[in-house]
Amino acid sequence: MVDSSRIIRRSFTVEGQVQGVGFRPFVYRLADEEGLTGFVGNTSEGVRIEVQGGAAGAERFEKRLLTQHPPLARIVSLSSRDVPPEVRETAFVIRRSRGQAGHNVLVSPDVGICADCRQDMRDPANPRFAYPFANCANCGPRYSITRAIPYDRASTTMACFPLCPDCAAEYDNPADRRFHAQPIACPVCGPRLWFVPGGSPESLPDGENGNNALGRACRVLLEGGILALKGLGGFQLACDARREISVRELRRRKFRPHKPLALMVADVEAARALCLLGPEHEALLQSPENPVVLCPRLPWNEDAPLCRELAPDTENLGLMLPYTPLHVALFDALSALAPLPPALVMTSANPRGEPLCLTNREALARLAGMADAFLLHDRDILTRVDDSVISLVCAPDEKALQPLFFRRARGYVPRPVFLPSRGPNVLGAGAELKSTMCLTHGDKAFVGQHIGDLENPATLRFYEEVVARLENLLEIRPQALVCDLHPDFLASRYAHERAAADGLPLWELQHHAAHAAAVLAENGWHEPALALCLDGAGLGDDGLIWGGELILMDIGGAFWRRVGSLSPFPLPGGEAAIREPWRCAAALRAQCGSSDADFPGAASRTGERTRAERAVREMLAANVNCPLTSSCGRLFDAVSAQLGLCQTTSYEGQAAVRLEAAAVRRPTGCLDAPRWDVQPGERDGLLVLDCARLFADVLEAQRAGDCVEDIAARFHVSLAWGFAEMAYLAASRLNVRKVGLSGGVMQNGIMAALLPRCLKSFGLEPLTHHELPPGDGGLSLGQAVWGRALLRNGN
């Protein structure tokens, strides 16, 4: 028995991402090394710890807790206090989890397979050799299988797999890395894999099918077929990226003629054979989050290892490495059979415009016309989580590269954005395209995973599932809602119906004001600042279509106003001009007083296109069905069409993607291309950048015979400097220095690199997105923090 007068007992509460990341086993080992008794357990408040022993050991324990915790853990706060010693205590134990309504625990995102588990899978003497569901406390599924907090096996979809004696021994052994790893499994007691040929009814796994499933799947891929496999957060479609005919067939079946397809390769060495990788690319590819990383591809030629069909519009390839044990097992099996290192197209398995397939039965029904075969398993997925997509751009300080999100989902959700103070729970409903939602709780904002375009009932159901799931995981309900001004957005309709049903206050926030609030909140700035919000479209508070806006935003004061904009131009045919960028070019040519003869191939066109162009000229002359827009995205479309790069689109942003790719191909570089003199003017108290003047410069360069690549680069550079000068004029008048950059145009790599540089040259401080996408996928954060400000201010 220890003399209580010579020992101390200290109680800790640890908040943050500390459940499902090996934190309790780490605490257990730490206490054992310091000779301390006590306990550790998961609670709804976080991880609760009490240690008892010598004062020096307790102090060392606290320091090591903060500095040596597991790599996946994120400690947000650590509180401690001394409590009376327990005189009869003789050991340190892990206690059973307990929960209660409301909590401060951060649910861990899903984590890519770790090096140790990959090594286990490749060791013929290991029980988990080639087992496609190996995991440990440092990797594996988390968010996609978690039902509730505290995070224990009983609260996951692994609850239906009782542990065998060997797994139970590992689970209970403090020295084992699978100590209290909740998804722990092995071939004896864990999930099973099986193969189903296309057109066959749903089947159940049997010994022969399970043993041969990977081999049969490999044969489908090597023979040019398309395989649907059940991944981490939903089904994926895979085919051999080296077979042009397979890639074309996948595109045909998915109704996806041009949009880039993501690739999965076995390792970084294989990635280097396809793309020009810097150390930052390699680090991100191998990170626990394992996103799709947009990397500069090696030049296409006849001997290129991959076909141009993978990404026909861009100079980048989206690469990822195997992030689940199933992917590792599949690539290991392929490597043993294929003459070249395998490279697979790995894309979301969903009919066009609909959510990912989630269950085996759903996939067999919905993907019957897309997949030649299915690789299934019996571990349930609770929530759909698509792959995250990231590029790397120069940080505003120009000292390092930072992530630029195109899609934020697997590996990052539900990681929160931290806010400067605690506040009420508010739901930001998001936008229509690339939709997400955001729920604030205390001093955190939880932006849900990428949902897609809210254009049909199936995607709306997915949206509602994500809202309900985050509310249930966080064990909270919103006190208010904020949605977009546009009355036809399904997210806005949901917010109106939810507010009416629950008796909650609802506010509408203009689209670009929400973008401004989002980028400033992400950077922890709630005081007055400017934000350049550049995108395709958002309903303005004057009823017009905005998209190239300079916004003054004061989140703390719940105040905003528009202080600058691109000059408006007509969209002949309305939404038809989004699908057919040549219409935008025609409108701007008309504003410039130029004829349609100033258009590539104008003299040779006949038939339907000629009739459509005649109709557009008549629309413009009569000002019929020609809504005005200040959209920066449509300006990009117009220039792309004028240069003959893209006349019609098959996916959002295609014309701008081709214009950026042309600028990147400029032989002497694009960032330092000479710029045209584009200076902002002023109309009715609003700073205005003249679209027609800039488009006239494009026309003049085209008539002079300048190459497309040079004109494309000069357009980017001139526009960036014009916007920067507009921001400088406004900042000087308003006495602010910070300028946020948001909107889908900021996913353009040239603009993302140039605009911060231009702003800094004017003595301004650029603020950029680095945790959320700059497009509509990050907009819900701005809505939610705006609602918090309104509630705080008594609205």
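Where does Phe-255 lie? In this predicted model, Phe-255 sits in the loop between helix H6 (244–254) and strand S10 (262–265). Its phi is near 55 degrees, a positive value in a residue other than glycine. Phe-255 is exposed, because its relative accessible area is 55% and exposed means over 50%.

Asn-625 is found in the loop between helix H16 (608–622) and strand S26 (628–629). What does Asn-625 touch, leaving aside its neighbours within four places in sequence? The contacts are Leu-571, Pro-572, Gly-573, Gly-574 and Met-619. One of these, Leu-571, is 54 residues away from Asn-625 in sequence, yet the C-alpha to C-alpha distance is 7.9 Å.

Gly-644 belongs to another loop, the one between helix H17 (632–642) and H18. Gly-644 is partly exposed, with a relative accessible area of 42%. Gly-644 and Leu-659 stand 15 residues apart in sequence and 9.7 Å apart in space, C-alpha to C-alpha.

Is Ser-492 buried or exposed? Ser-492 is buried, because its relative accessible area is 2% and buried means under 20%. Ser-492 is placed in helix H12 (residues 490–502). Not counting residues up to four places away in sequence, Ser-492 touches Cys-483, Asp-484 and His-486.

The accessibility values are set out here.

| Residue | Relative accessible area | Class |
|---|---|---|
| Phe-255 | 55% | exposed |
| Gly-644 | 42% | partly exposed |
| Ser-492 | 2% | buried |

**A cis peptide bond**

Which residues does a cis peptide bond join? The bond links Val-413 and Pro-414, with omega about 15 degrees. Pro-414 is in the loop between strand S16 (401–407) and strand S17 (417–423).

**Helix H18 against helix H20**

Two packed helices are described by the angle between their axes and the distance between the axes. Helix H18 (residues 654–664) and helix H20 (residues 708–734) pack at about 110 degrees, and their axes are 7 Å apart. H18 and H20 are therefore roughly perpendicular to each other, because angles of 65 to 115 degrees count as such. Which residues make the contact? H18 brings Leu-659, Glu-660, Ala-662 and Ala-663. H20 brings Val-708, Glu-709, Ala-712, Ala-713, Phe-715 and His-716. By class, the contact of H18 with H20 has seven nonpolar residues, one polar residue and two charged residues. Leu-659 of H18, part of this contact, is also the residue whose C-alpha lies 9.7 Å from that of Gly-644.

**Cavities**

Rolling a probe the size of a water molecule over the atoms shows where empty space is left. How many cavities of 30 Å³ or more does the structure hold? There are five. The largest cavity has about 150 Å³ of space. Its lining comprises 18 residues. Of these, Pro-141, Leu-232, Thr-324, Pro-325 and Arg-379 lie nearest the centre of the largest cavity. The lining of the largest cavity divides into 10 nonpolar, six polar and two charged residues.

Terms used: Residues numbered from 1 in each chain as written. Predicted model: local features only at pLDDT ≥ 70, side-chain atom pairs only at ≥ 80, totals over all residues. Heavy atoms only, no water. 1 Å grid on protein atoms, 1.4 Å probe; cavity = no way out; pocket = protein on both sides within 12 Å on 5 of 7 lines; lining within 4 Å. Points joined across faces, edges and corners; volume = space filled by probe spheres on them. Nonpolar A, V, L, I, M, F, W, Y, C, P; charged D, E, K, R; others polar. Axes fitted to C-alpha atoms, helices over the stretch in contact; angles between N-to-C directions. Helix = DSSP H or I, 4+ residues; strand = E, 2+ residues; numbered from the N terminus. Parallel < 35°, antiparallel > 145°, perpendicular 65-115°, else oblique. Contact = heavy atoms within 4.5 Å. Buried < 20%, exposed > 50% of the residue type's maximum accessible area, 1.4 Å probe, protein only.
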